[in-house]
There are 6 protein chains.
Amino acid sequence: MIRESFTLKLSGHLFDSEDLLPKYVDLIRELWKNGYRMAIVTGGGSLARRYIELGRKININESLLDMLGISASRLNAQLLAAALSDIAYLPIPTNLDEVFRAWSTGRLVITGGFQPGQSTATVALLISEFLGIKRLIDCANIDAVYTNDPRVDSNARKLDKVSISELMAILRSRTVAGTYDLLDPWALSIAQRSGITIYVIGCGKLSSLRRLITEGTSDGTVITP
Amino acid sequence: MIRESFTLKLSGHLFDSEDLLPKYVDLIRELWKNGYRMAIVTGGGSLARRYIELGRKININESLLDMLGISASRLNAQLLAAALSDIAYLPIPTNLDEVFRAWSTGRLVITGGFQPGQSTATVALLISEFLGIKRLIDCANIDAVYTNDPRVDSNARKLDKVSISELMAILRSRTVAGTYDLLDPWALSIAQRSGITIYVIGCGKLSSLRRLITEGTSDGTVITP
Amino acid sequence: MIRESFTLKLSGHLFDSEDLLPKYVDLIRELWKNGYRMAIVTGGGSLARRYIELGRKININESLLDMLGISASRLNAQLLAAALSDIAYLPIPTNLDEVFRAWSTGRLVITGGFQPGQSTATVALLISEFLGIKRLIDCANIDAVYTNDPRVDSNARKLDKVSISELMAILRSRTVAGTYDLLDPWALSIAQRSGITIYVIGCGKLSSLRRLITEGTSDGTVITP
Amino acid sequence: MIRESFTLKLSGHLFDSEDLLPKYVDLIRELWKNGYRMAIVTGGGSLARRYIELGRKININESLLDMLGISASRLNAQLLAAALSDIAYLPIPTNLDEVFRAWSTGRLVITGGFQPGQSTATVALLISEFLGIKRLIDCANIDAVYTNDPRVDSNARKLDKVSISELMAILRSRTVAGTYDLLDPWALSIAQRSGITIYVIGCGKLSSLRRLITEGTSDGTVITP
Amino acid sequence: MIRESFTLKLSGHLFDSEDLLPKYVDLIRELWKNGYRMAIVTGGGSLARRYIELGRKININESLLDMLGISASRLNAQLLAAALSDIAYLPIPTNLDEVFRAWSTGRLVITGGFQPGQSTATVALLISEFLGIKRLIDCANIDAVYTNDPRVDSNARKLDKVSISELMAILRSRTVAGTYDLLDPWALSIAQRSGITIYVIGCGKLSSLRRLITEGTSDGTVITP
Amino acid sequence: MIRESFTLKLSGHLFDSEDLLPKYVDLIRELWKNGYRMAIVTGGGSLARRYIELGRKININESLLDMLGISASRLNAQLLAAALSDIAYLPIPTNLDEVFRAWSTGRLVITGGFQPGQSTATVALLISEFLGIKRLIDCANIDAVYTNDPRVDSNARKLDKVSISELMAILRSRTVAGTYDLLDPWALSIAQRSGITIYVIGCGKLSSLRRLITEGTSDGTVITP
């Protein structure tokens, strides 16, 4: 059971759902009031994709496209922090130094992305490592890690538990693209060097998150360092 | 004919149109290369409205809702600045001091909103006044100022030219809401005290802007101080 | 009776009085120690007027003149914060984001003005709204709101209680200038949209403030949203 | 004759004179347009003294009193920069790093004080040394350096030229207070280690400054490293 | 031949050599004066290693150890920028936004590292991509890229030219550690997506750099996107 | 006996000793946990000297050399703060305003130098004065203050207790250089005006510091205001 601090990565997908978002706001406040201390990282979701697409049409370079995606993820972070303004820190921190300043006030810290060429999963791991947090819960678009993309490969097998080195081997052998969003090698190498356990669960069911935190039961994938 | 520096307010509406946006990018670069010096303020458009609606559903207060709208307008500003990164300043300035720093480098300055309870038109006038610029071109959702909302009142008359004090009298006598977006009393009072002329044109036709700048001919409304 | 958080606007006039200022310092510290949580906004007073006058003689534009007034109000804020350095935050916050950071530390927050074309009363309302504070006490140069300027109009009647919409109607019908310093339409519209009650009292008698806070009795004007 | 860059320290006294100030504004602009590159440091003058006195009455500590004096000097710097906003940098730099950033834009840099326990003369020498400027013109309240305070000692002799080490010996032998404002040992030691010549002239006559710059003739004191 | 802007990564090794450093200072100034526009990224070298070792003994976590290494690389950047203070920007930029601000002034931009878990080679590529620069010259500890570590494997073969995808395949097949410092997969993926050519040369001979820039002849490895 | 807040100046020498440093880290954490509140200022030590020497060879000016020394002292501060990251504030504050912000969070504040031409002893006294702390413990390279440099003058006598004015008289009469590092006149004048007692002890023996704090017994020199 997770009782101490943890880092929570929320898929940008969440911000497209007017049903799910209010429930997450309530659950996060409830957990905070019950003594769980969290840093949250939000993805950019469909908003990021829309601005990157728009930007690509007007010939914006890759670095500045990524920055648009980062700003989109920060807008999601700001929406969440505003809804939790009784407990969350504002304005949204944009780098590790600002995360430390925000964390020092004892408030709930919520961020989006940090830098071009870097996933928000990596940001979540950098924050975990920096603050000495040993658990990252990744509420993803998909409900677990599979041996291959289940939408493409009907033989793909769900992994209940996998070590980082096993997962890295799987990633190297895969040929299907799109794994970037979930967990990239850079993110995994940080988890490994600092002994951080990653819990991948689906963001679609609130019960997965609640059960993982309050009972310690994962219905997704546990990635061990 | 406008030959010197001017401030350009671009309706957020523009960022919903994949057709218009690239054309504005090209025109702004062309004008810049031809020696026109500009500060640009972008609106938040449908993105701002979407996040404010979403925020209202999760009980965010008015001040923080406005801040979401401001961040949305800054995302639009960032998109435009990224497309013009050969001439524009980044990151997007968020207050008058940062505008001055950006302006001092000689680059094209693009901003979104500044503060809750304040329209982007007001921001455009504050920047004009601060930098000593005497002309604001307001590319609006509507093609001119009318005596009343033309979508509601079939007797509404388009104004070719109107003084600020006449316009303020009209605004006071109006009962139809929604005039906020165009020009509010605070914005007008700044224009008046600093002698700034406001040219309201529609953002839907690029030719209105081009003709106004290069020929000095307005097909919208000229508001004189 | 006011028991919870409130925002306090202090007329710049206070900083011209070597008698009153120390008493306010003592009262604010006493209230703080008794559990009242406050954000304070100070006016620029005679210092602001002097620098604006001086600036006008050397042809400074309206925007930069306002900024001199803002810096003057911040100097007053700094004087007060320095006298209360055991409980107050330093350096003086200059915008809403900095107010939030300062407020997060749990210290007494004191600011001056924020932006050209904006009264310190508006700043006080923006801060109230942003922090979710529902009461603003405006310690003004005058002891209450009147139907007209009592120094000019002998028929002017003191208002004990007035709604924001009634007050706006009165302001519109007035022709006498100088109401700017007390409460402008922008300030009132923020109070209205966020349900903030404004208590106008005179800053000349310390007892007015003390009685309002500890007993809830106003001898000035209560403006209800 | 001084033809290259120089640093100019302006006594806070200047900001008490509605006659002198506009003339200095004009002269500085004229010099700038004629190709002289300058960094200017302004004193706090009577404004600083007033706020320090007021602060002392409400028991503010020495460090925070000095900071009030620094803010006063910055308000003077802001007034001057606003009057020269066509050529000067804003907002007022508050430390050496910000001075470098401002200087890099090619604009006229104007600052007030930097730190408690430090004279604005020391600030002017720190800036000179940092930017590699070898001449400081100190427009002081007094027209030159004397062997003793001429208001007190009728035998005090005006010094036309003096070396820094001679001046330090004189300062050590003096018993009269109040030399702090002019040049302190810390300021002199910076001038010495970096080979900076200090020209002390009176700020009361504009002709002293003009002649020194355009003709190279000093009617005050030249302090050689 | 390289004639336009390029990014230069300087091995931290350089700052351990009192012979080489002054020569690089002179060459960089000479190139700048001849019209080459550069952004420079410096490594942390032996200083970084010393502080990381020291930190490891007092149980500092990986993230904070990396930050010590970053600060060390920034101290090297500051040393170089101070020696080139007539043309370089100060203070040292610490992220992409600050790089853009510095670059906008037209001065030589020098940085160290940015973020934990990120090589300075990656920083150099992020800056190249951000500023639209298509050439990175990597002055490394080793004179070229080899098929394996030549200090360990006597069969290691020097590569004159290699594509990024070929190099990635080689990196994946290698088992020898220590390739991190030269070029990691993240750095290469940025080069690939933005079409940046990397020239790896040894920092030990100044002639390699000079010839590469002025004649376009590489005696190291050219990595093509 | 010292029971309340104090400021601690740590000689840069400490960071050259892999034996002493871990012991200081442990002692500081132990004191903090026992309720002692501290601000710590670290010197630059041999690292500062090395970079200043290197810089002098490549013709860096005095101001920028000092800044390299300041950055070196900040790297030492960062090392210490990283080792104490459970209680210390990060990033390292670089001026008094940032010190106040850091202090407001209730965390241990650690800084290096602030400004060219200023010793870290002066920084420690500026911080003491600013925060209203009345005791500075100076853990120096030497175990006490002597009437003259004991390494040079065999008649030099150790001072157990000395007043600031007596010490200033001794400093003036000395001809031996190198006293700069210990205590300069500017540092002493701040101690005097704000009534701060300075305890000089040697950093070589941890017992000196422990005994001074927990028992109040000095085996160095007490300098009284």
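This section describes a sheet of chain C, the interface of chain C with chain D, and some backbone features of chains A and D in a predicted model.

Residues are numbered from 1 along each chain as its sequence is written, chains are lettered from A and ligands numbered from 1 in the order in which they are written, and side-chain values use heavy atoms, with hydrogens and water left out.

In chain C, 7 strands form an open sheet with mixed pairing, in the order β3-β2-β1-β4-β8-β9-β7. Helices (H or I, at least four residues) and strands (E, at least two) are DSSP runs numbered from the N terminus, and two strands are taken to pair if DSSP finds at least two bridges between them. β3 (109-111) and β7 of chain C each have a single partner strand and stand at the edges, so one side of each lacks a neighbour in the sheet. On average, neighbouring strands of this sheet are turned by 20 degrees against each other, direction ignored. For such angles, axes are lines fitted to C-alpha atoms, for helices over the stretch in contact, and values run from 0 to 180 degrees between N-to-C directions.

α3(C) lies across β1 (6-10), β2 and β3 of chain C and runs at about 135 degrees to β2(C). Helix α4 (residues 96-104) of chain C lies across β2 and β3 of chain C, at about 155 degrees to β3(C).

Between chains C and D, 27 residues of chain C are in contact with 27 residues of chain D. The buried area, which is the accessible area (1.4 Å probe) that two parts lose on being put together, summed over both, is about 2400 Å², with 69% given by carbon and sulfur atoms. The interface holds 4 salt bridges, each defined as a side-chain nitrogen of Lys or Arg within 4 Å of a carboxyl oxygen of Asp or Glu. One of them joins D:Glu18 to C:Lys57, with the closest N and O atoms 2.5 Å apart. On the side of chain C that touches chain D, the elements giving two or more residues are α1 (20-33), α2 (45-57) and α3 (62-83) of chain C. The largest share, 11 residues, comes from α3(C).

Most residues other than glycine have a negative phi, and most peptide bonds are trans. The peptide bond from A:Leu90 to A:Pro91 is cis, with omega near 0 degrees, and A:Pro91 lies in the loop between α3 (62-83) and α4 (96-104) of chain A. In chain D, the bond from D:Leu90 to D:Pro91 is cis, with omega near 0 degrees. A:Asn59, not a glycine, has a positive phi of about 65 degrees and lies in the loop between α2 (45-57) and α3 of chain A.

Conventions. Predicted model: local features only at pLDDT ≥ 70, side-chain atom pairs only at ≥ 80, totals over all residues. Contact = heavy atoms within 4.5 Å.
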